[in-house]
Amino acid sequence: MKTNRENLPLDQILLEDSLQLLSNLPDECVDLIVSSPPYNLGKEYESRQALEIYLAEQTAVLLECSRILKNTGSLFWQVGAFSDRGMLIPLG
Ligand SMILES: C[S@@+](CC[C@H](N)C(=O)[O-])C[C@H]1O[C@@H](n2cnc3c(N)ncnc32)[C@H](O)[C@@H]1O
C-alpha cells in the first residue's frame, strides 16, 4: 500500500529494504535523510560488487531520496572510498 501524507510513519524504526521503503513514500515529504549504506568493502553484511554495480544501486536509492526530500531538506550520504589493488577511488 502506498503511504500518503496522512499516514506517514513517524517515530518508528522500519526494518525494510531501503529502496522498497523509499518507493512507498510520497514526493517531498522528508526534511532530513542520513544514509550510511553498505561501503562495498566486503564487510560481513555485504558482498563486494563491481564499482559500476555498486554505483548503480546507490544511484537508484539516491534518486528516491531526492524525490522524497523537501526542497528545503538536507541529505547526508556517508560512504567510504572504493579500493581495488592499491587504488583508492573517492565516492563522496
Ligand atoms: C555501513 S552499515 C551502516 C551501519 C549503521 N550506520 C550503524 O551504525 O549501525 C550498512 C548497513 O546497511 C544495511 N543494508 C544493506 N543493504 C540494505 C538494504 N537494501 N536496505 C536497508 N539496509 C541495508 C546493512 O545490513 C548494514 O547494517
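**Notes on the model**

A: Start with L88: it counts as exposed because 10 C-beta neighbours lie inside 10 Å. The cut-offs are as follows: a residue is buried if 20 or more other C-beta atoms lie within 10 Å of its own, exposed if 12 or fewer, and partly exposed in between, with C-beta atoms placed from the backbone.

Q: Before we go on, what kind of model is this?

A: This is a predicted model, in which local features need pLDDT of at least 70, side-chain atom pairs count only at pLDDT 80 or more, and totals for chains, interfaces and linings use all residues. Residues are numbered from 1 along each chain as its sequence is written.

Q: What does the protein average in pLDDT?

A: The average is 91, and 99% of the residues score at least 70. pLDDT is the predictor's confidence in each residue, from 0 to 100.

Q: OK, back to L88. Where is L88 found?

A: L88 is in strand β4. Helices (H or I, at least four residues) and strands (E, at least two) are DSSP runs, numbered from the N terminus.

Q: And what is L88 in contact with?

A: A81 and S83, leaving aside neighbours within four places in sequence. Two residues are in contact if their C-beta atoms, placed from the backbone, lie within 7 Å. As for S18, which is 70 residues from L88 along the chain, the two C-alpha atoms are separated by 27 Å.

Q: How do β3 and β4 run, parallel or antiparallel?

A: Antiparallel, with four bridges joining β3 to β4 (residues 87–90). Two strands pair if DSSP finds at least two bridges between them. A81 stands opposite P90 in β4.

Q: What about the turn in that hairpin? Which residue takes a positive phi?

A: R85, with phi near 45°; the hairpin of β3 and β4 has two residues between the strands.

Q: Which other residues have a positive phi?

A: D11 and N40 are among them. Phi of D11 is near 55°, and phi of N40 is near 60°. Neither is glycine. Most residues other than glycine have a negative phi.

Q: Is D11 buried or exposed?

A: Exposed, because D11 has 4 other C-beta atoms within 10 Å. D11 sits in the segment before α1 (18–23).

Q: And N40, buried or exposed?

A: N40 counts as buried because 23 C-beta neighbours lie inside 10 Å. N40 is in the loop between β1 (30–35) and α2 (51–68).

Q: How much of the protein counts as buried?

A: 1% of the 92 residues. In β1, the count of buried residues among its six residues is zero.

Q: How far apart are the C-alpha atoms of S83 and N40?

A: They are separated by 9.1 Å, with the two residues 43 apart along the chain. S83 lies in β3 (residues 81–84), and S83 is partly exposed because 13 other C-beta atoms lie within 10 Å.

Q: New topic. What is the overall pattern along the sequence?

A: The protein follows α-β-α-β-β-β, which comes to two helices and four strands. The C-alpha atoms fill a box of roughly 50 × 25 × 20 Å, taken along the principal axes.

Q: What do β1, α2 and β2 make?

A: A right-handed β-α-β unit. Right-handed means that, with the strands pointing away from the viewer, the path from the first strand over the helix to the second runs clockwise. Five bridges join β1 to β2 (residues 69–77), and these strands run parallel. S35 stands opposite W77 in β2.

Q: What does Q78 touch?

A: S35 and S36, not counting residues up to four places away in sequence. Q78 is in the loop between β2 and β3, and Q78 counts as exposed because 10 C-beta neighbours lie inside 10 Å.

Q: Last one: which residues are around the ligand?

A: D17, S18, S36, P37, P38, Y39 and Y45. Being near here means that the C-beta atom, placed from the backbone, lies within 6 Å of the molecule. That shell divides into four nonpolar, two polar and one charged. Ala, Val, Leu, Ile, Met, Phe, Trp, Tyr, Cys and Pro count as nonpolar, Asp, Glu, Lys and Arg as charged, and the others, Gly among them, as polar.
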